[in-house]
Amino acid sequence: MATRDIYETGFDEDVRTESSANQCPECDGRVTTNAVETVCEDCGLVIEEQRLDHGPEWRAYDEDERERTGAPLTAARHDRGLSTEIGHRTDAHGNELSEQKRRRLARMRREQTRGRWRSKAERNLAHGLGEVRRLASALELSESIRDQACQLFRRAQSEDLLRGRSIEAIGAASIYGTGRCNQHPLLLEDVVDAARVESTRVTNAYRTLNRELELPAPPMRPTSFVPRLISELGLDHDIRRRANELAEHAEGTALTNGCQPSGVAAACVYLAAQEQGALITQSTVASAAEVSVVTLRSRRDELQAI
């Protein structure tokens, strides 16, 4: 099978699936598994990560030439991670190189940089994937989310969606769209703050990706934002459990229809904190959820009414 056939996959191939074999050892919550890690959706505990790949590690097909060598292929780089890195001052054993050899390596690096991209499209792809990696690192996202966002950016370029649009905006929209497809509690404001473009450009780019590529992005649920708010506010486990119960109850009614999920989650956390006697203000919770205090009060009154 050719290498290009291995990577002819969609960006959303790594969808989280529920695992019924076990439950979270901390809170007995729902456990989901993807290609990289097993995570509890309720408390966010990472149960297992970096699962072992039991497949062959060699690159050659001849049994006599098989050897374990080379870095793994990755979708986060334009060349799948197959490019060569030329050193600077030391050799493979850490010994200092002579001045003549350093000049020779400098010439080799210059020629390699000039011939690294075969076309302008490949140069734009390298720039866009670099922006996706930077945003994923700034937002502390997992490698699974990062790789899926890179696949989405590749697909956007293949569909000619970069024409007339900012590469940085498409990269930020790829991060946000991948988070939406994976039910990750990622706010658009978080992506815009880490990106180097305006909010309107990122919003328009995401709408374009969602419309042209038909992203499988389900509606965000308030229960997805509860663990994030609990972590940012430093609240205890009992408040988190009660907030999850309130959020699940709100999802079962018509309260969440047309409402911002983070606002409903903020109201659930605030009500749970009040029931447990925690000293926390409405403005603190609203600021963590990036909603207004008026929105929090409205959702709180609606929750108390039901």
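Q: Is A265 buried or exposed in this predicted model?
A: In this predicted model, A265 lies in helix 10, which covers residues 261-275. Burial requires a relative accessible area under 20%. The relative accessibility of A265 is 0%, so A265 counts as buried.

Q: How far apart in space are A265 and L246, C-alpha to C-alpha?
A: In sequence, A265 and L246 are separated by 19 residues. Their C-alpha to C-alpha distance in space is 8.7 Å.

Q: Is L129 buried or exposed?
A: L129 belongs to helix 3, residues 120-138. In sequence L129 is 20 residues from A149, and in space the two are 8.8 Å apart, C-alpha to C-alpha. With a relative accessible area of 0%, L129 is buried.

Q: Which class of aromatic pair do Y176 and Y206 form?
A: The count comes to one aromatic pair. The ring centres of Y176 and Y206 are 5.0 Å apart, and pairing requires centres within 6.5 Å. Their planes stand at 75 degrees, and angles over 60 fall in one class, so the pair is edge-to-face.

Q: How are the axes of helix 5 and helix 7 oriented to each other?
A: The axes of helix 5 and helix 7 come within 8 Å. Their crossing is right-handed. The angle is roughly 60 degrees. Helix 5 and helix 7 are therefore oblique to each other.

Q: How are helix 4 and helix 5 oriented to each other?
A: Helix 4 spans residues 143-158, and its axis comes within 8 Å of that of helix 5. This crossing is right-handed, and its angle is roughly 130 degrees. Helix 4 and helix 5 are therefore oblique.

Q: How many of the 15 residues of helix 5 are buried?
A: From its first C-alpha to its last, helix 5 reaches 21 Å, close to the 21 Å expected at 1.5 Å a residue. Helix 5 is followed by Q183, whose phi is positive, near 55 degrees. Helix 5 is largely enclosed by the rest of the structure, because its buried residues number 15 of 15.

Q: Which residues of strand 3 lie on each side, and are they buried or exposed?
A: In a regular strand, side chains alternate between the two faces of the sheet. In strand 3, residues 37-40, E37 and V39 are on one side, while T38 and C40 are on the other. Both faces are covered, and these four residues are all buried.

Q: Which residue of strand 3 stands opposite T32?
A: Strand 2, residues 31-33, runs antiparallel to strand 3, and three bridges join them. Within this pairing, the residue of strand 3 opposite T32 is V39.

Q: Which residue in the turn between strand 3 and strand 4 has a positive phi?
A: Strand 3 and strand 4, residues 46-49, pair in the antiparallel sense over three bridges, with E37 opposite E49. The two strands form a hairpin with five residues between them. The turn residue with a positive phi, about 80 degrees, is G44.

How values were computed. Residues are numbered from 1 along each chain as its sequence is written. This is a predicted model: local features need pLDDT of at least 70, side-chain atom pairs count only at pLDDT 80 or more; totals for chains, interfaces and linings use all residues. Side-chain values use heavy atoms; hydrogens and water are left out. Rings of Phe, Tyr and Trp (its six-membered ring) pair if their centres lie within 6.5 Å; planes under 30 degrees apart count as stacked, over 60 as edge-to-face and the rest as tilted. The expected span of a helix is 1.5 Å times one less than its number of residues. Buried means under 20% relative accessible area, exposed over 50%, partly exposed in between (1.4 Å probe, protein chains only). Two strands pair if DSSP finds at least two bridges between them. Axes are lines fitted to C-alpha atoms, for helices over the stretch in contact, and angles run from 0 to 180 degrees between N-to-C directions. Angles under 35 degrees count as roughly parallel, over 145 as roughly antiparallel, 65 to 115 as roughly perpendicular and the rest as oblique. A crossing is left-handed if the near helix is turned anticlockwise from the far one by less than a right angle, and right-handed if clockwise.
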